[in-house]
Amino acid sequence: MFKIGEFSKLTQVTIRMLRYYDEVGLLKPAQIDSWTGYRMYSVEQIPILNKIIYLRDSGFSVAEIAIVINSEDNNFIMEQLDNKFLEIKKIIQSEQEKLRKITLAKSEILHKKSDMHYNVTIKSVPSYQVLSLRKIIPDYFAEGELWKELFAFAEQQQISVSSDTFTIYHDAEYKEKNVDVELCMPVKKVGKSIGDFSYRNTELVSIMACTMVYGEFSNIAGAYLAFARWLQKNSFYKMGEQSRQIVHRGPWNEKDPQKYLVEIQIPLEKVQPCPSMKTTEG
């Protein structure tokens, strides 16, 4: 048996933390000397302490650590680790988005990105025969995983992957959660629809506003600003729903973010002029 000071040196954990783990019930001393009141620890407790430290450093709370170390079911423990992995991954994505917004804000303040030219053009987009995967995903970050799912299905079904794949956003407004997204992969022939994977013809859009975004994905915000300005000048148009996005060059086929190429497509509708009001003189 070891006194708390000796146990602290052997495990490289401070006495303060050992006392804290005792107070919260994670690691109580093997015994307490009845004469001196000293906390005494055994060598068998070292692996338990190591597990506590490992879980703590992995982001587990005291309550979560207690659940894991008191379980002898390895499958349950693996499930808890997987859940924590996904939780931390979402936090990292959220923090990365904050960094992106800080970078964008700095660039806007320095007028670097406001000088970029986004040429808005109008064209007609035909109907395409596509393999479609439409789902409600947690947020826009999850779109990448959805593409992996579609590409995996295409490979399994031996469907040649087209470089003209695009995304349709079905929500009428921007949403932070539960985003309605449809991935479309143009195909030469129709196959059998299976589960969420279906073959269909996309809608023809007679008036589509398009702009190309060069460089990092953060430049997309500038493109939407340019489109808003264009729409204000061309007031005889109004925005339609189901905007589209085509990533011609992205992380999967281009290593340099400065060479990314994204096409933003927003459907338009012509605004009917209001007839002038006629008055009758008495």
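Visitor: What makes the contact between the side chains of Lys-84 and Glu-87 a salt bridge?

Guide: Keep in mind that we're looking at a predicted model. The N to O distance for Lys-84 and Glu-87 is 3.3 Å. The cut-off is within 4 Å, between a Lys or Arg side-chain nitrogen and an Asp or Glu carboxyl oxygen, so the pair qualifies.

Visitor: How are Lys-84 and Glu-87 placed in helix α5?

Guide: They sit three residues apart in α5, which covers residues 74-109, so about one helical turn separates them.

Visitor: Why is Lys-84 called buried?

Guide: Its relative accessible area is 5%. Buried means under 20%, so Lys-84 gets that label. Glu-87, at 39%, falls between 20% and 50%, so Glu-87 is called partly exposed.

Visitor: What makes Asp-171 and Lys-175 a salt bridge?

Guide: Their closest N and O atoms are 3.9 Å apart. That is within 4 Å, so the pair counts.

Visitor: Is Asp-171 buried or exposed, then?

Guide: Buried: its relative accessible area is 19%, and the label needs under 20%. Lys-175 comes out at 28%, so Lys-175 is partly exposed.

Visitor: How many salt bridges does the rule give in total?

Guide: The count is 15. Another of them joins the side chains of Arg-39 and Asp-22, at 2.9 Å from N to O.

Visitor: Which residues do salt bridges with shared partners join into a network?

Guide: Asp-22, Lys-28 and Arg-39 form one network that way.

Visitor: And β3, where does that strand stand in the sheet?

Guide: The open sheet has three strands in the order β1-β3-β2, with antiparallel pairing. β1 (2-3) and β2 (31-32) are at the edges with a single partner strand each, so one side of each has no neighbour in the sheet.

Visitor: What makes β1 and β3 a pair?

Guide: Two bridges join β1 to β3 (residues 39-41). Pairing takes at least two, so they count as paired. Within β3, Met-40 is the bridge partner of Lys-3.

Methods:
Residues numbered from 1 in each chain as written. Predicted model: local features only at pLDDT ≥ 70, side-chain atom pairs only at ≥ 80, totals over all residues. Heavy atoms only, no water. Helix = DSSP H or I, 4+ residues; strand = E, 2+ residues; numbered from the N terminus. Buried < 20%, exposed > 50% of the residue type's maximum accessible area, 1.4 Å probe, protein only.
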